[in-house]
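Subject: Model handover

Hi there,

Here is the structure I promised to pass on. Have a look at it first, and then read on for what turned up.

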Amino acid sequence: MGSHCSNLDDILEEDMHHWYTKFMKESPSGLITLFELKTMLEMNGMTEEASSYVDQVFFTFDMDGDGYIDFVEYIAAISLLLKGEINQKLKWYFKLFDQDGNGKIDKEELETIFKAIQDITRNNDVPPEEIVTLIYEKIDVNGEGELTLEEFISGAREHPDIMDMLTKMMDLTNVLEIIIKGQQKNAVN
């Protein structure tokens, strides 16, 4: 798995002009739509939860909310995932988990995302219900059944096992590699 990260780091280290050229070959319009992202990720046959998760990822990376991911948003997303600080990543995870946008994550939102992630990654080692129960037992200090951004960040930072679990579950390296391989294939054609 370490080789994946160094491969992606190397790609990010390339000069921006070269990276931009790759992006434009994949998306000649200079924009990636949700449909194009799902096509790149070969989403056919995925569950509704997995499709919803990709929707949520797309909308968190579409920073200006215009329905497209442009080159700047694309590079920002890749940089965050690969080189972002822990607090930046935790804020992004929180935004991704907070599906209704109310500023809190409830157990159902978290479980839905974890089910979707497991459907995409095909890793079902630990049932999502158990993961959610563990997270809430350790970091829902008020016992309200929902987490604020502050609770989420401080709880994850105070519990290395939770942080490790989130980091592993939210590792989108395989998704980035699918996109990069698609770009490389198109560059050869």
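A word on terms before anything else: helices (H or I, at least four residues) and strands (E, at least two) are DSSP runs, numbered from the N terminus. This is a predicted model, so local features need pLDDT of at least 70 and side-chain atom pairs count only at pLDDT 80 or more, while totals for chains, interfaces and linings use all residues. Residues are numbered from 1 along each chain as its sequence is written, and side-chain values use heavy atoms, with hydrogens and water left out.

**Confidence and overall make-up**

The average pLDDT (the predictor's confidence in each residue, from 0 to 100) is 78 for the protein, and 75% of the residues score at least 70. For residues 1-6, the model has four contacts beyond four places in sequence, where contact means heavy atoms within 4.5 Å. For residues 183-189, also with pLDDT under 50, there are 10 such contacts.

The protein has 11 helices and four strands. Of its 189 residues, 42% count as buried; buried means under 20% relative accessible area, exposed over 50%, and partly exposed in between (1.4 Å probe, protein chains only). Among contacts with a separation of 6 or more, 62% are between residues 24 or more positions apart.

**The annotated spans**

An unreviewed UniProt entry lists residues 49-84, 85-120 and 127-162 under "domain: EF-hand". UniProt positions are in the numbering used here, feature names are shortened, and annotations may be inferred rather than shown by experiment. Residues 85-120 are 72% helix and 8% strand, with 25 Å between the end C-alpha atoms. For residues 127-162, the figures are 69% helix and 8% strand, and the end C-alpha atoms are 15 Å apart.

Ile120 sits in helix α7 (residues 107-121). Beyond its neighbours within four places in sequence, Ile120 touches Met46, Ala50, Tyr53 and Val54. Tyr53 is 67 residues away from Ile120 along the chain, yet their C-alpha atoms are separated by 9.2 Å.

Trp92 belongs to helix α6 and is buried, at a relative accessible area of 6%. Its C-alpha atom is 8.7 Å from that of Leu80, which is 12 residues apart from Trp92 along the chain.

**Helix α9 and its surroundings**

Which residues of α9 are buried? They are Glu151, Phe152, Ile153, Gly155 and Ala156. These buried residues pack against α6 (86-97), β3 (104-106), α8 (128-139), β4 (146-148) and α10. Ser154, also in α9, counts as partly exposed because its relative accessibility is 33%. Between the C-alpha atoms of Ser154 and Asn87 there are 9.5 Å in space and 67 residues in sequence.

The pair of α9 (residues 149-158) and α10 (residues 160-169) may interest you too: their axes come within 5 Å and cross at roughly 105°. Axes here are lines fitted to C-alpha atoms, for helices over the stretch in contact, and angles run from 0 to 180 degrees between N-to-C directions. The two helices are therefore roughly perpendicular to each other (65 to 115 degrees; under 35 counts as roughly parallel, over 145 as roughly antiparallel, and the rest as oblique). On the α9 side, Phe152, Ala156 and Glu158 meet Pro160, Ile162, Met163 and Leu166 of α10. By class, that contact has six nonpolar, no polar and one charged residues. Ala, Val, Leu, Ile, Met, Phe, Trp, Tyr, Cys and Pro count as nonpolar, Asp, Glu, Lys and Arg as charged, and the others, Gly among them, as polar.

Best wishes
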